[in-house]
Amino acid sequence: MQTFGLLLDGFAVAVQPVNLMWALVGSLLGTIIGILPGIGPALTIALLLPITTTLEPTSAFIMFAGILYGAMYGGSTTSILLNTPGEAGSMMTALEGNKMARAGRGAAALTTAALGSFVAGTIATLALTFAAPAIAELAFYFKPADYFALTTLAFCSVAVVMGNSRTRGFISLFIGIAIGVIGIDSMSGQPRLTFGVMQLLRGVELTVVLVSLFAVGEMLYVASRFRSAPAAMASVKGQAWFTREDFARSWKPWLRGTLIGFPMGALPGGGSEIPTMLSYTLERKLSRHKDEFGHGAIEGVAGPEAANNAAAAGILVPLLTLGLPTSATAAVLLAAFQNYGLQPGPFLFTSNPALIWGLIASLYIGNVMLLVLNLPLVGIWVQLLRIPRPQLYAGILVFAMIGVWGLAGSWTDLAIMLVIGLMGYVMRVYDFPIAPVLIGLILGPMAETQLRTALAAGQGNPIVLVSTPLSGTLMVIALLFLAVPPLLRRLRANA
Amino acid sequence: MKLSKTLIALAMTAALGTGAASAQVNVMLPAAPGGGWDGTGRQAFQALKDAGIYTDGVNFTNTGGAGGTVGLAEFLGTSTGQPDALAVFGAITVGAIQLNSSPINLADFRPVARLTAEYLVVAVAADSPYNTLADLVADLKADPGAHPIGGGSAGGVDHIAVALLAQEGGIPVADLNYIPQTSGAETVTAIVNGTLTAGVSGTSEFAQFAEQGRIKLLGVTAAERRTNLPDVPTFTEAGYPIELANWRGILAAPGAPDDNYAQWVDRFTQLSKSDAWKAVLETQGWDDYFLAGEDFGAFIAQETATQGKVLKDAGLVN
Amino acid sequence: MPALSTDGQDNSQNGGGPAAASAPARPYWIGIGVMAIGAVWLYGASGLPQGARYAAVGPGLFVTISGAALLVLGAILILQIWRGESFEPQEAEDAQADAGMDRRAFFTALVAVAVPIATMKPLGMPFTATIAFMLVANAFGSRRWWLDLICGAVLAALAWFLFARLGLQLGGFFPPLGF
C-alpha cells in the first residue's frame with residue numbers, strides 16, 4: 001500500500017497546471033513526430049536535451065514521457081491511412097490497418113489502435129507502478145557479471161533478429177561498438193582512437209549518431225529515390241467508428257499485445273519492432289478469421305498497437321530501476337537524467353520520489369490526453385501529411401544540424417554528422433539494419449565496463465562471468481541465439 | 001514576400017538587441033550541464049549578481065569531456081590574451097591533464113580564485129566486519145587484490161585519496177585493485193552487492209546513503225570532523241595524516257590584461273565575503289575554500305606535484 | 001476514397017521485384033570498407049595496453065575485439081558478395097526503393113549536409129541553415145528558390161531565437177557583422 005500512497009503523491013505533482021501543460025506539450029509533440037517521417041521519439045528528445053539547463057526536471061521528464069507515448073499513437077495514424085509507418089513499431093499496424101482503411105473501415109482501425117494503445121498504456125503503466133520499486137531492490141543483487149551477460153544476450157539477439165542477414169546485422173552491431181570505444185576510456189583514463197583530435201576525447205555523442213543515422217541518412221536516401229507523387233490517403237468520413245463486433249474481436253488482442261510488449265520492452269535490445277511482430281504472428285495464429293488476415297483483420301491492428309505502447313512503458317522499467325537503457329529512447333532519457341546530475345537506479349526512488357512518482361502519474365494522465373487528442377482530432381493530424389515534402393525534409397535537416405551544433409558548437413560534430421549520415425545512406429541502400437548500431441553504441445561501453453569490473457573484482461578469473469545463476473542462464477541463451485538458427489537450417493536441409 | 005522581409009528585418013534587429021545584452025564576460029564550463037563545475041560557475045555568477053558585485057551579462061559555454069581538459073584546451077585556443085574570459089576547473093583537472101598527456105599547462109593560465117571544496121569519505125557495507133580505517137587497511141595490506149575499492153574516475157581525487165591512504169598504510173599504490181565507477185550511487189550499489197570492499201566519494205554524495213543504513217562511513221579527509229557527520233573520524237584521527245579536498249576554482253585566460261585580471265580577483269574576493277555566496281554554500285553543502293590570485297597559483301603548482309607523484313606511483317603515468 | 005490495392009505486395013519488404021537493379025551486382029567495396037574500418041581499429045588497439053593489473057583485460061580489449069570482428073565480418077561479406085548475395089534497398093516513407101538513384105538530387109542533398117562544416121562557425125547558424133534548407137528543397141525537386149529562401153530564413157531565424165532562449169549555444173546570429 002506504500003506504493004499507492006506514493007502514487008497519490010505523484011498525482012499531486014502531475015496535476016499541477018504547469019506539469020499538465022508540459023504533459024500536453026509532450027503529447028502534442030509526440031503525436032506530431034509520430035506522424036512525420038524521419039523523426040522519432042529518441043531524436044526529438046535528443047534535440048530537446050538542452051532545455052534541461054532551463055527547465056525543472058519533473059516538468060522536463062513529464063514532457064519527454066508524453067513524447068514517448070505520443071509517438072506510438074501518432075505512428076499508427078500514418079500506418080493506417082497512408083500505409084507508411086512513421087515509426088518502426090508501427091510497421092505491423094500498416095499490414096492490416098491500411099487494408100482496413102482501403103476497405104472503408106479506416107475509422108474502426110483507428111479506433112482499435114487508439115483504444116488498444118490506451119488500454120495497453122494504462123495496464124503497462126500499472127505494471128510499471130507496482131513492479132518498479134521491487135525491481136529497484138534487485139539492483140543490490142545484480143552483479144557486474146549479470147549485467148555483462150545481459151548485454152551479451154542483447155547483442156546476440158539484436159544482431160540475429162534484426163534484418164535479413166546475420167552477417168550484416170553483426171557488422172551493424174560491431175560498427176556501433178567500434179564508435180562507442182572512441183574517446184577517453186572511463187576505467188583507465190587512456191585516450192582511444194582519437195587520432196589526436198581534442199574534441200574526440202569526449203567520445204562520439206549519441207545525439208550526433210542518432211541525428212546522422214536517422215534524420216540525415218534518411219533524408220539522403222529519400223532524396224536519391226524520391227517518389228514525388230504522394231501516397232494516396234484513405235478517408236474516414238462518415239464511417240462507423242466501432243461496432244460491438246469490433247470490440248469483441250479487439251479486446252483479447254489488446255491484452256495479449258500488452259502481455260508481450262511490456263516484458264519485451266524491458267529487455268535490452270527488445271525495442272518495439274520485435275514485440276509488435278510477435279503479437280501480429282500470434283494474432284494471426286489464434287484468430288477465428290484467418291482468411292481476413294492480409295485483407296484487413298482488426299486483430300492484426302489491435303494486437304501490435306497494444307504491444308508497441310506496452311513496450312514503450314516497458315523500456316522505462318530497467319531505466320528507472322537499474323539505470324539500464326534498453327533502447328535509443330531510453331539512452332537519451334538517461335542522458336537527460338545525467339544532465340540534471342541524477343542517476344536513475346534504486347536510489348532515485350528514495351532520493352527523488354516527487355520526480356519518479358510525478359513522472360509515473362503523468363503517464364496515466366498523458367494516456368488519457370492522447371486518447372482524447374487522437375480519436376476525435378485525427379482529421380487535424382492527417383493535415384500534417386500535406387506539408388510539401390521538399391520543405392519538410394529541408395526543415396528536418398535544419399533541426400538536425402541545430403541539434404548537432406548546439407551540443408558543443410564543435411565543427412568536429414558536424415563532420416561526424418556528414419560521415420555517419422553517409423553511412424546511414426549506404427546502410428539503407430544495401431539493407432543493413434540500423435537498430436544494432438545504436439544498441440552497440442549504447443550497450444557497448446556498458447558491456448565493457450561491466451566486463452572489466454567483474455574481472456577486476458574477480459582478479460582476472462573468467463569463471464566469475466558465469467558465476468551467478470542469472471549470468472550463467474543468460475550466457476547459455478545468448479549462445480543458443482547464435483547456434484540454433486544455423487543448426488535448424490542445416491537440419492531442415494537434411495530432412 | 002513583403003511580410004517575410006519585414007519579419008527578417010525584425011528578427012535581425014532583435015538579434016542585435018540580444019547580442020548586445022550578452023557576452024560581457026565569457027565563462028567556460030568544461031563539463032556537461034548539471035555537473036559540479038557547471039553548478040559552481042552558474043551559482044557563483046548568480047551570487048555575484050545578487051550581491052551587486054557584477055551585474056552585467058554572462059555568456060556560458062559548456063564543453064565537457066576528459067576531466068575538463070577538452071574545455072580548457074578550447075578556452076586556451078579562443079581566449080588567450082582576452083580580457084573578461086574565465087574558466088571553471090578543479091582538482092580533477094590537475095590529474096586529468098597528466099593522465100591524458102594533455103598539452104595544457106595550468107601554469108599558463110592566470111589563477112583568479114579557489115572557491116569551494118568538498119571532502120571525501122571512505123565507506124564500506126553496513127554489515128561489513130570493518131569498523132575503522134585501520135581494520136580496512138590491515139586487510140588491504142594482507143591481500144590488496146582481493147579487496148577491490150571503487151570511486152570516481154581513474155586518477156581523479158577519489159583515486160588519489162585511496163592511493164594516499166595506501167601509502168600511509170605501507171601498501172604499494174600499484175598493487176591496489178581500484179575500480180572506477182560512473183557515479184557515487186553506482187559505487188554504493190557495488191558496495192552493497194559485494195562487488196567492492198570499500199568505496200570513496202564526496203561527503204554530500206555518501207551521507208544520504210549512510211542515513212538510509214546502506215553503508216557505514218569509516219573516515220573523512222577533512223582536517224576536522226564534519227558537523228553533519230559527527231561520528232565519522234578524520235583520516236588524521238584514524239592514524240593516517242592525510243588532508244584532501246575536491247576543490248573547484250576559477251582561471252582567467254593566459255595573457256589576460258593585468259588590470260582586468262586584478263579586477264576579477266577583486267570581484268571574487270568580495271564575493272567570498274558576501275551573504276549571497278554564503279547562502280549558496282549553505283544550500284549546496286559546499287565548504288568555503290577561498291584563496292585568491294598568486295597564492296592560488298602556488299597551490300595549483302603544489303597540487304600538480306603531489307598528484308603527479310601519486311599517479312606515477314600508481315603506474316598511471318610514466 | 002482511393003481504389004482498393006491490386007494485390008498484397010505493396011507492404012512487403014522482401015517481396016522480390018527488380019530491387020537489385022539500382023545496386024551494382026557485386027558491391028565488393030562495402031566489404032572492403034568494413035575491413036578497412038576493422039584495420040583502423042586494430043591499428044588503434046596496437047597502441048593500447050591489452051592487460052591490466054587485476055582485470056587481466058585492459059583498455060585495448062574492446063578496441064581489438066571490434067576491430068577484429070569487423071575485419072572478419074568484412075571478409076565474410078566479400079565472400080557472400082562473390083557468391084551472389086543480393087542487396088535490396090530498404091523501404092522508406094516517400095521513397096521508391098526499386099527506383100534508380102537520382103545522382104543530382106543525392107549530391108545536392110549531400111552538399112547541404114557538408115556546407116555547415118565550412119560555414120557554421122564563420123557565418124553563423126541562421127545563414128548556414130538557410131543555405132542548407134534551400135539545397136535540400138532543391139534536391140527534392142522544389143524549383144521556387146526564392147520561396148525556399150524565405151521559408152528557410154524565417155525557420156532558421158525563429159529556431160535560432162527559440163533554441164538560444166532555451167539555452168543552446170548556437171553562436172552569433174551573423175558573426176561577420178559581429179553579432
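**Entry 1: confidence.** I began with chain B, whose average pLDDT is 82, with 90% of the residues scoring at least 70; pLDDT is the predictor's confidence in each residue, from 0 to 100. The model is predicted, so to speak of local features I need pLDDT of at least 70, and side-chain atom pairs count only at 80 or more, while totals for chains, interfaces and linings use all residues. Residues are numbered from 1 along each chain as its sequence is written, and chains are lettered from A and ligands numbered from 1 in the order in which they are written.

Helices (H or I, at least four residues) and strands (E, at least two) are DSSP runs, numbered from the N terminus. Residues 1-23 of chain B have pLDDT below 50.

Chain C averages 81, and 84% of its residues score at least 70. Its residues 1-23 stay under 50. Where pLDDT is low, the predicted coordinates should not be read in detail. For the complex, I noted an ipTM of 0.85 and a pTM of 0.85.

**Entry 2: chain A against chain C.** How many residues of chain A are in contact with chain C? I got 71, meeting 77 residues of chain C; a contact means C-beta atoms, placed from the backbone, within 7 Å. H17(A) gives the largest share of chain A's side, 12 residues. That side divides into 41 nonpolar, 19 polar and 11 charged residues. Here Ala, Val, Leu, Ile, Met, Phe, Trp, Tyr, Cys and Pro count as nonpolar, Asp, Glu, Lys and Arg as charged, and the others, Gly among them, as polar.

**Entry 3: the core.** The largest nonpolar core has 331 residues, and A:Leu397 and C:Val136 are among those that touch the most other members. Such a core is a set of buried Ala, Val, Leu, Ile, Met, Phe, Trp, Tyr and Cys residues joined through C-beta atoms within 7 Å, buried meaning 20 or more other C-beta atoms within 10 Å of a residue's own. Helix H5 (residues 91-138) of chain A supplies the largest share, 17 residues. I then checked A:Leu397, which touches A:Met219 and C:Val136, among others.

**Entry 4: a kinked helix.** H9(A) has a kink of about 30° at A:Ser250, shortly before the proline A:Pro253; the bend is the angle between axes fitted to the seven residues ending there and the seven starting there.

Technical notes: A residue is buried if 20 or more other C-beta atoms lie within 10 Å of its own, exposed if 12 or fewer, and partly exposed in between; C-beta atoms are placed from the backbone. Two residues are in contact if their C-beta atoms, placed from the backbone, lie within 7 Å. Lists of a residue's contacts leave out its neighbours within four places in sequence.
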